[in-house]
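I set out to record where the charged side chains pair and how the nonpolar ones group. The entries below follow the order in which I looked these up.

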Amino acid sequence: MTEFTQIGLIGIFVLILLFFSRLAVAYAMAIVGFLGYWYLTNFDSALTLISRDFYSQFTNYGLALVPLFIFIGFIAFYAGVSSKLYDMANKFIGRVRGGLAMATVGACTAFGAVSGSSNATAATMGTIGYPEMKRYNYGDKLATGSLAAGGGIGALMPPSIVLIVYGILTQLSIGKLFIAAILPAFVISALFILAIMIYCFFAPHQGPKADSYPLREMLYSALQIWETILVFCLVMGGLFFGLFTPTKAGAVGSFVLLVIVVVQGKLSWKNFLDAVNDTVKTSCMVIMLVTGATIFGHFLALSRIPMELASLVSALPWPAWAIMAAICFIYLVSGCFIDALALITLTIPIFYPVVTNLGYDPVWFGIIIVLITQMGVITPPVGINVYIIKGVAPLVPLQQIFIGVLPFLLALIAGTGLMIAFPEIVTFLPELIQ
């Protein structure tokens with residue numbers, strides 16, 4: 001082991017210590033990357049590195065799509081588009097046992113199509129869905145579990161912020177990643193609904209039947225979500241047929257939705273300013289994560305840890321699937337302690353070369369990693385979506401929410417296994433646009 005590699009390992013250890021000190025992940029990566037690069041080269045080189053990386057990332061045209069897609073989600077939230085999604089899903093399947101929880105999953109999937117964020121989806125749909133489910137005497141476990149797990153679909157459903165960052169870090173086509181995520185998102189949604197059906201079969205008191213609605217009201221509620229359908233079809237259709245780039249897709253989607261809600265009178269000036277403010281804060285967080293990961297990645301590259309790890313793994317007498325299983329296990333365990341976005345920005349420089357050397361499709365790997373890290377948002381000790389729902393339902397004990405997400409965690413594991421066994425679920429649509 002060379003001295004540079006030893007310094008790299010020390011840097012990783014210091015980074016973990018900084019995580020436990022609750023320093024923001026972006027700052028921790030930037031600090032360790034700067035200090036490590038300084039030690040391995042000199043102060044002037046490290047200063048040049050950090051200034052160049054900050055400038056290049058904050059002026060990166062590709063990152064312009066981050067605030068655009070985030071803006072779409074916040075406009076939808078403040079204009080009340082998300083409440084119509086829940087209303088439609090409720091009227092279609094709320095009358096069956098566990099139907100309101102199924103409606104929650106459906107609404108989370110639809111809202112994920114405009115927000116691209118796990119946390120935003122959980123917070124938005126939790127605010128709307130939890131009071132409705134309690135009004136119909138749903139058990140706390142199913143009500144909170146479906147909201148926490150359903151929010152995770154927002155990180156997979158295009159325009160996923162996590163996939164955007166993955167695409168930027170790996171230089172992959174973000175449009176192709178978006179297309180690849182569509183079928184997996186619907187597969188996970190279907191498995192969540194199946195989990196609710198099975199859960200309510202054994203615990204019917206957790207999901208009593210809600211009201212039935214006439215067909216006319218059901219169809220009318222479906223027509224009311226035309227804004228979401230229009231924006232989703234416009235963005236994904238434009239990407240699929242090559243009409244515009246992902247950045248232009250974000251611009252078109254946010255502009256169209258903004259014009260619609262303003263013309264309808266559903267977005268007040270105060271709510272517009274709130275949407276802009278939340279977009280700026282969230283976008284800065286994402287771009288800072290990417291910048292911190294870039295600085296840390298340059299330090300890792302200089303320490304040669306990614307290359308050494310790739311060589312070591314490639315030389316192991318293990319089949320490719322066993323190595324991939326080990327990588328997935330590392331992501332699963334790490335996702336219990338680190339936010340998905342931070343984990344991906346931290347680990348992609350290390351594992352991406354290994355995966356490509358093994359011959360795996362990098363687009364497929366991106367979808368799998370998002371699925372695995374989404375298990376982390378509903379598992380202790382971090383389980384950020386669980387804590388978000390705890391804020392929505394403060395009277396529900398935290399352990400009840402963690403118990404409530406167990407059926408959905410099993411569904412996520414099954415779905416991930418399905419896509420590992422049948423990668424065509426992920427690669428089918430992207431191959432159509434090659």
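I searched the whole structure, a predicted model, and found six salt bridges.

K270 is exposed at 57% relative accessible area, whereas D274 is partly exposed at 23%. In α14 I also noted K281 and D278, three residues apart, whose side chains meet in a salt bridge at 3.9 Å, N to O. K281 is exposed at 52%. D278 counts as buried, because its relative accessibility of 16% is under the 20% limit.

I then checked K134, which pairs with D140, the closest N and O atoms being 2.9 Å apart. Both count as partly exposed, K134 at 31% and D140 at 26%. I also recorded a network of salt bridges that links K84, E227 and K266.

I turned next to the nonpolar side chains. The largest nonpolar core has 136 residues, and F192 is among those with the most contacts inside it. Helix α10 (residues 174-202) gives the most to this core, with 14 residues. I listed contacts of F192 beyond four places in sequence, including V105, I153, F408 and L412. A second, separate core has seven residues, among them F34, A46, I50 and I295.

Finally, I examined a nonpolar surface patch of about 570 Å², made by Y27, I31, L35, W38, F43 and L47. Helix α2 gives the most to this patch, with four residues. F43 is found in helix α3 and is partly exposed, at 37% relative accessible area.

Key. Residues numbered from 1 in each chain as written. Predicted model: local features only at pLDDT ≥ 70, side-chain atom pairs only at ≥ 80, totals over all residues. Heavy atoms only, no water. Core = buried A, V, L, I, M, F, W, Y, C linked by side-chain atoms within 4.5 Å. Buried < 20%, exposed > 50% of the residue type's maximum accessible area, 1.4 Å probe, protein only. Helix = DSSP H or I, 4+ residues; strand = E, 2+ residues; numbered from the N terminus. Contact = heavy atoms within 4.5 Å. Patch = residues over 30% accessible without salt bridge, like charges linked within 9 Å, V, L, I, M, F, W, Y side chains within 5 Å. Areas by Shrake-Rupley, 256 points an atom, 1.4 Å probe, with all protein chains shown as cover. Salt bridge = Lys/Arg side-chain N within 4 Å of Asp/Glu carboxyl O.
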